[in-house]
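Subject: Structure handover

Hello,

Here is the structure we talked about. Please open it next to this email and follow along.

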Amino acid sequence: MSAELPPHVTEIRIYPVKGEPGQVLEDVEVEAEGLAGDRRKKAALHLVSVEEDVATHPRANLVVATPPALLEASVGQRLRIGEAEIHVTGKPSGCPGVYADVVATGSLRVGDVLLAVGAGETAAPTA
């Protein structure tokens, strides 16, 4: 991972059937309850750093190129990824990454940058 690149999505996964392998996508629609085609879980979205990613566990939806500490520091922030906007709500217990709720639906794709969105502010990169 290059230090010059802003935080961005490196992989999108959905897990339609519990216990079955996930599906890797290039783009996806973010719906109010999570990613289209994904089964509903504890949180709408689970983001994990590419540095902590393991393909089979945790069953994260979005793998992002950002250090784990920076991802964890985003708890409480609203982020725009592609056309969607999310609110990072907290850390899961027992696995890496963060959980998020969907604030605004829309599409996102691999390569989309994570942008912090503050009340009344224009979007700016989180790193």
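There are 8 salt bridges in this structure, which is a predicted model.

One of them joins the side chains of Arg-109 and Asp-27, with 3.3 Å from N to O. Arg-109 belongs to strand 10 (residues 106-109) and Asp-27 to strand 3 (residues 27-31), so this pair ties together parts that lie 82 residues apart in sequence. Is the pair buried, exposed or something in between? Arg-109 has a relative accessible area of 41%, so this residue counts as partly exposed. Asp-27 is also given 41% and is likewise partly exposed.

Another salt bridge links Arg-40 with Glu-31, and the closest N and O atoms here are 3.1 Å apart. Arg-40 is partly exposed at 41% relative accessible area. Glu-31, at 34%, is partly exposed as well.

The side chains of Glu-85 and Arg-80 also meet in a salt bridge, at 3.0 Å from N to O. For Glu-85 the relative accessible area is 7%; buried means under 20%, so Glu-85 is buried. Arg-80 is partly exposed, with a value of 28%.

Next, the empty space. Rolling a probe the size of a water molecule over the atoms shows where such space is left. The largest pocket holds about 280 Å³. Its lining is made up of 14 residues, and those closest to the centre of the pocket are Lys-41, Lys-42, His-46, Cys-95 and Tyr-99. What classes of residue make up the lining of the largest pocket? There are 6 nonpolar, 4 polar and 4 charged residues in it.

Last, a single residue to look at. Ser-74 sits in the loop between helix 1 (68-73) and strand 7 (78-81). Its relative accessible area is 5%, which is under the 20% limit, so Ser-74 is buried. A polar atom of the Ser-74 side chain lies 2.5 Å from the backbone oxygen of Leu-71.

If you want a place to start, find Arg-109 and Asp-27 on their two strands, then go on to Ser-74 in its loop.

Regards

Key: Residues are numbered from 1 along each chain as its sequence is written. This is a predicted model: local features need pLDDT of at least 70, side-chain atom pairs count only at pLDDT 80 or more; totals for chains, interfaces and linings use all residues. Side-chain values use heavy atoms; hydrogens and water are left out. Helices (H or I, at least four residues) and strands (E, at least two) are DSSP runs, numbered from the N terminus. Buried means under 20% relative accessible area, exposed over 50%, partly exposed in between (1.4 Å probe, protein chains only). A polar contact is a pair of N or O atoms within 3.5 Å; within protein, one must be able to donate a hydrogen and the other to accept it, and residues adjacent in sequence count only if both atoms are side-chain atoms. On a 1 Å grid over the protein atoms alone, a cavity is a set of points where a 1.4 Å probe fits but cannot get out, and a pocket is an open set with protein on both sides within 12 Å along at least five of seven lines; lining residues have an atom within 4 Å of a point. Grid points are joined across faces, edges and corners, and a volume is the space filled by probe spheres set on the points. Ala, Val, Leu, Ile, Met, Phe, Trp, Tyr, Cys and Pro count as nonpolar, Asp, Glu, Lys and Arg as charged, and the others, Gly among them, as polar. A salt bridge is a side-chain nitrogen of Lys or Arg within 4 Å of a carboxyl oxygen of Asp or Glu.
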